Each structure stands twice: as structure tokens, then as C-alpha cells.
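Me: Can you go through this one with me? I'd like to start with the packing and then move to the ligand.

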Amino acid sequence: MKLGQKIKKVLNPLSYRRGWRRTRRLLWPLPLGPLLANLDQDRLREIQARYATSTNHYVKYTEVDRFWRENRKRIQDLGLHRCTGKRVLDLGCGGGFFLYLLTQLGHEVVGLDIDEFPLFGDLINLFGVPCVVWAIEAFKALPDLGARFDYITAFATRFNRSAERDWYWGPSEWNFFLNDLEQYLAPGSQVFFSLNRRRREGDYYTPELREFFLSRGATVERDRVFFSNGLRPWTSHSTVARPPSKK
Ligand SMILES: C[S@@+](CC[C@H](N)C(=O)[O-])C[C@H]1O[C@@H](n2cnc3c(N)ncnc32)[C@H](O)[C@@H]1O
């Protein structure tokens, strides 16, 4: 890399934030061994063997070591290993790796996911993580999820995409969704989404959607959309289509 590029990289706030996250993980490590000590490894191996020949793209979740490490990072970045007793809702929780680690740290968790690929259900059962089976849809309220949460997360989201139409939620869909989520937010709660890349465009959101997240109080960094203190009301209505009215 040329010197100019190197300087540009060092001065980029993105590099700084990433570096700071890495440093914090080193300063407050989270060893996986004790967190996995209660897991039935024989049952886990049985599940892995059952899906060994599957061609479904979600079969990658049998490579559990990779996902333990990835979810450990998520926990460290949210600081959830430095507190206990928080209520956490994870939307599109998949196999429940993130939530299982949280239960071992003394948090109370609820997952939500569609019941599409049975590997996720098998892992959720093995981990003993409570999971609501539900398909999130644009302009459709969530089911009753009980008491409020201190953290609401969604990693590598898929619910914001219509596979048939290869279309992604815009500000109106997200606005409806966030307004609905608000009833489950405890005072001072945090909301974190990491978005999947849009397939055709290769980016995470349109400039308009980024503006929308910022206007509701998020910090936005590549795939990461983080509301560190609840949600702000949306005021910038002008250029965005409204949701269809219910007759
Ligand atoms: C890429 S996986 C990510 C799983 C997990 N969050 C992780 O990061 O390991 C996307 C997840 O979203 C779930 N999902 C897809 N569409 C959904 C919908 N409409 N409502 C709820 N969950 C959905 C999938 O079943 C899958 O578990």
C-alpha cells in the first residue's frame, strides 16, 4: 500500500472505530471455554452429522467454532460480557449462538425466527434458548413479545428482504418496524442491527435509508446500525413514500 493510502486509512474514522473495537476486545477478553462447558457436545456432533450432506446454504452454521467466535465478538462489542441480568431480544436469531452465550453470562433472552431450515430448530433446542416462531413482514406488527427489553438485536438480517422480488425495505418499512419495536424498549435500551449486503448493488442500504437511520438517532457504520439510547421520532417525511393505508 502506498504511503498516501496508508495515511488516508489511518485518518479514516472507520479504521479508528474498528481499531478501538479490537482493542476493547483485547482489554476485556471473553474466554469461550467456560461458556461452552455446559453444552452437550455429543448431541451437537449428532446434529452436525445429520446435516453433513445438506446443500442448503445455512448448513454453514454447523461449523460451530466459527460462529461461537463471531458471536463472542458481537457480545464484546455490545459490552454484554461486562454486565448481567439484561433482557435481550434477537430477531432472526438463526441457531441461537448469540443467545446461548448470553444465557451463560446470566442474561435473559428471547429469539425470534422463521421455522424454515430445521438445523436452526435443532440448535435452538440443544441450546435451550426460548424462540418465538414468526415471520417478520413489512408493515406487519410483531407478535406479543411480553416484557420490555434492554437490548434488541438483529444480525445479518434477512427479514428486510423479499427474496421473490429481490427487493429490500426502504425508510417507510423500517419506520413502521421501528415504531412497532418501540413498545418493547425499556428506558435507555439499545438497538443494534447488522445488515446483509444487498445482492445486486453490493452495498448495505441506499443513501436515503442511511439518512433515515441517522434521523432516528442511529450511528451507521457499513453494515452496523446502532441506536445507543432508544429511538428518536422520525421527522423527515418529505421525500419518502408513506406506507399503504389500511382500509
Ligand atoms: C443470515 S441468517 C443470520 C442468523 C443469525 N442472526 C446470525 O447472524 O448468525 C438470517 C436469519 O434470518 C431468518 N429470517 C429470514 N427471514 C425472516 C423473517 N421474515 N422473519 C424472521 N426471521 C427471518 C433466517 O431464518 C435466518 O435465521
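**Packing and ligand site**

Me: Leaving aside neighbours within four places in sequence, which residues is Phe127 in contact with?

Reply: This is a predicted model. In it, Phe127 contacts Leu39, Trp68, Gly95, Gly96, Phe97 and Tyr100, once neighbours within four places in sequence are set aside.

Me: Which residues touch the most other members in the largest nonpolar core?

Reply: Trp68, Phe98, Leu102 and Phe127 do, in a core of 38 residues.

Me: And which elements give two or more residues to this core?

Reply: Helices α3 (32-36), α4 (41-50), α5 (64-78), α6 (97-104) and α7 (118-127) do, along with strand β4 (149-157).

Me: What about another core, apart from that one?

Reply: There is one of 32 residues, and Leu142, Phe149, Phe212 and Leu231 are among them.

Me: Switching to α8. How many of its residues are buried?

Reply: Nine of the 11 residues in α8 (171-181) are buried, so the helix is mostly covered.

Me: Which ones?

Reply: Pro171, Ser172, Glu173, Trp174, Asn175, Phe177, Leu178, Asp180 and Leu181 are the buried residues of α8.

Me: What do the buried residues of α8 pack against?

Reply: They pack against the strands β1 (87-91), β4, β6 (167-168), β7 and β9 (224-227), and against helix α9.

Me: Where is Arg198?

Reply: Arg198 sits in the loop that runs between β7 (185-195) and α9 (207-215).

Me: Does Arg198 count as buried or exposed, and why?

Reply: Arg198 counts as buried because its relative accessibility is 12%, and the cut-off for buried is under 20%.

Me: Which residues is Arg198 in contact with, beyond its neighbours within four places?

Reply: Tyr168, Asp203, Tyr204, Tyr205 and Thr206.

Me: Now the ligand. How many residues surround it, and which are the closest?

Reply: The ligand is surrounded by 16 residues, and the closest are Arg74, Gly92, Asp113, Ile136 and Phe155.

Me: What is the shell like by class?

Reply: It has 11 nonpolar, two polar and three charged residues.

Me: Which part of Gly92 lies 2.7 Å from the ligand?

Reply: A backbone N or O atom of Gly92, and the ligand atom at that distance is a nitrogen.

Me: And what about the side chains of Asp113 and Tyr61?

Reply: An N or O atom in the Asp113 side chain is 2.5 Å from an oxygen atom of the ligand. For the side chain of Tyr61, an N or O atom is 3.4 Å from a ligand oxygen.

Me: How much of the ligand's accessible area does the protein cover?

Reply: The protein covers 91% of the 590 Å² that the ligand has on its own.

Key. Residues are numbered from 1 along each chain as its sequence is written. This is a predicted model: local features need pLDDT of at least 70, side-chain atom pairs count only at pLDDT 80 or more; totals for chains, interfaces and linings use all residues. Side-chain values use heavy atoms; hydrogens and water are left out. A residue is near a molecule or strand if one of its heavy atoms lies within 4 Å of it. A polar contact is a pair of N or O atoms within 3.5 Å; within protein, one must be able to donate a hydrogen and the other to accept it, and residues adjacent in sequence count only if both atoms are side-chain atoms. Accessible areas come from the Shrake-Rupley method with a 1.4 Å probe; for residues, only the protein chains shown count as cover. Ala, Val, Leu, Ile, Met, Phe, Trp, Tyr, Cys and Pro count as nonpolar, Asp, Glu, Lys and Arg as charged, and the others, Gly among them, as polar. A nonpolar core is a set of buried Ala, Val, Leu, Ile, Met, Phe, Trp, Tyr and Cys residues joined through side-chain atoms within 4.5 Å. Buried means under 20% relative accessible area, exposed over 50%, partly exposed in between (1.4 Å probe, protein chains only). Helices (H or I, at least four residues) and strands (E, at least two) are DSSP runs, numbered from the N terminus. Contact means heavy atoms within 4.5 Å.
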